[in-house]
Amino acid sequence: MDSLLQQLEAYKSEIASATAPDEKQLEEFRIKYLGTKGLVKSVMGEMKNVPADKKKEFGQILNEFKLFTEQRYEDLKLAADSGPASVGTSIDLSLPGDPIPIGSRHPITMMKNRIVSIFQRLGFAEAEGPEIEDDWHNFGALNLPPHHPARDMQDTFYIQQNPDWVLRTHTSNTQIREMEKGKLPIRVICPGRVYRNETVSARSHCFFHQVEGLYIDENVSFADLKQTLYFFVKEMYGKDVKVRFRPSYFPFTEPSAEMDVSCFICGGKGCNICKKTGWVEILGCGMVHPNVLQNCNIDPNKYTGFAFGMGIERPALLKYDINDIRLFSENDIRFLRQFTPAI
Ligand code: 2U9
């Protein structure tokens, strides 16, 4: 009797470690252990040699052995069905999958998308240009004379290997490249990263982001510029904000202006953001200087155009209540996780 029990234990471990990665081996397993001439049948046949007083106890042990073998067969069958990778394991296919965490959009990207999509609805096409640019496309073509302070080493990053190359100081190089293509009219919106040699602090950085726009056609007027920017402001800050233009100066536009909106934080009453003035400056703009048109072989007597430019960091800081510009480029996952999932 004891030797039969020992034999059963040995069979059990043999069955437990048996594998059947494909249908053929599964069938061999079935015939060997569960077939009419299989092992289970033959151990069952041992019942006739068991003394009458032990039959009940032994019947139970043999029955368990039979169930164990049948269960192992079912497990192997399931594993073979779910493919070679899961052979020898029993997998519950009804379990939910491993969760994959969803990323989030960067606040600068969200603000850029908002601005660009408003202009896209007015027919502006998005355009991008290189961040490493030659002197002509970053300065010369934009009517910045050779000794203009913006070209100073203090303000601009020059590339050591080639002093004709700079890290672009604005995205205007993209518009110059669009104009050089010679296809008119032009209506482009140009977002991107720009570089200025400034000390990094909570309020300013040596790189930041801009969106600039350019519209060139016959008979484009300052009234078109104002109406386009009014539309932008209403879409961006709501229909109740007020707008004012102040005369300004840029070498690439004439006349030039800066545009303020009534403070969207305090509603114009006066707060820290608007420095108690009730107004916040949001962009610069103007009519494209005739020299700039000429530099790109566009006839200033036939065509006129307007351009504008705005920074993205400041509106993003205000909208998302962020107090340090450096957070945008530190890649701290705890900061980045706080924004809208990127679906
Ligand atoms: C071409 C001709 C003219 C783009 C313009 C501004 C005024 C402007 C600043 C806003 C905040 C830069 O990010 S900022 O510091 N920009 O005030 N930008 S007009 O004028 C152009 C561009 C391209 C061919």
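**Close-up views of a predicted model**

**View 1. Packing of helix α1 against helix α4.** The axes of helix α1 (residues 2-17) and α4 come within 10 Å and cross at roughly 10°, where axes are lines fitted to C-alpha atoms, for helices over the stretch in contact, and angles run from 0 to 180 degrees between N-to-C directions. Helices (H or I, at least four residues) and strands (E, at least two) are DSSP runs, numbered from the N terminus. The two helices α1 and α4 are therefore roughly parallel to each other, a term kept for angles under 35 degrees, with over 145 counted as roughly antiparallel, 65 to 115 as roughly perpendicular and the rest as oblique. On the α1 side the contact (heavy atoms within 4.5 Å) involves Leu4, Leu5, Leu8, Tyr11, Lys12, Ile15 and Ala16, and on the α4 side Phe58, Ile61, Leu62, Phe65, Phe68, Thr69 and Arg72. These residues divide into eleven nonpolar, one polar and two charged, with Ala, Val, Leu, Ile, Met, Phe, Trp, Tyr, Cys and Pro counted as nonpolar, Asp, Glu, Lys and Arg as charged, and the others, Gly among them, as polar.

The model is predicted: local features need pLDDT of at least 70 and side-chain atom pairs count only at pLDDT 80 or more, while totals for chains, interfaces and linings use all residues. Residues are numbered from 1 along each chain as its sequence is written, and side-chain values use heavy atoms, with hydrogens and water left out.

**View 2. Packing of helix α2 against helix α4.** Helix α2 (residues 23-34) packs with helix α4 (residues 55-81) at an angle of about 175°, the axes lying 11 Å apart, and α2 and α4 are therefore roughly antiparallel to each other. Leu26, Phe29, Arg30, Tyr33 and Leu34 of α2 meet Thr69, Glu70, Arg72, Tyr73, Leu76 and Lys77 of α4, a set that divides into six nonpolar, one polar and four charged residues.

**View 3. Two cis peptide bonds.** Leu184 and Pro185 are joined by a cis peptide bond with omega of about -5°, and Pro185 is found in the loop between α7 (172-180) and β4 (186-195). A cis peptide bond also joins Glu254 and Pro255, with omega of about -5°, but Pro255 is found in strand β7 (residues 253-262).

**View 4. Asparagines with positive phi.** Asn143, in the loop between α6 (135-138) and β3 (165-167), has phi near 70°, a positive value in a residue other than glycine. For Asn331, which sits in the loop between α10 (313-319) and α11 (333-336), phi is near 60°, again positive.
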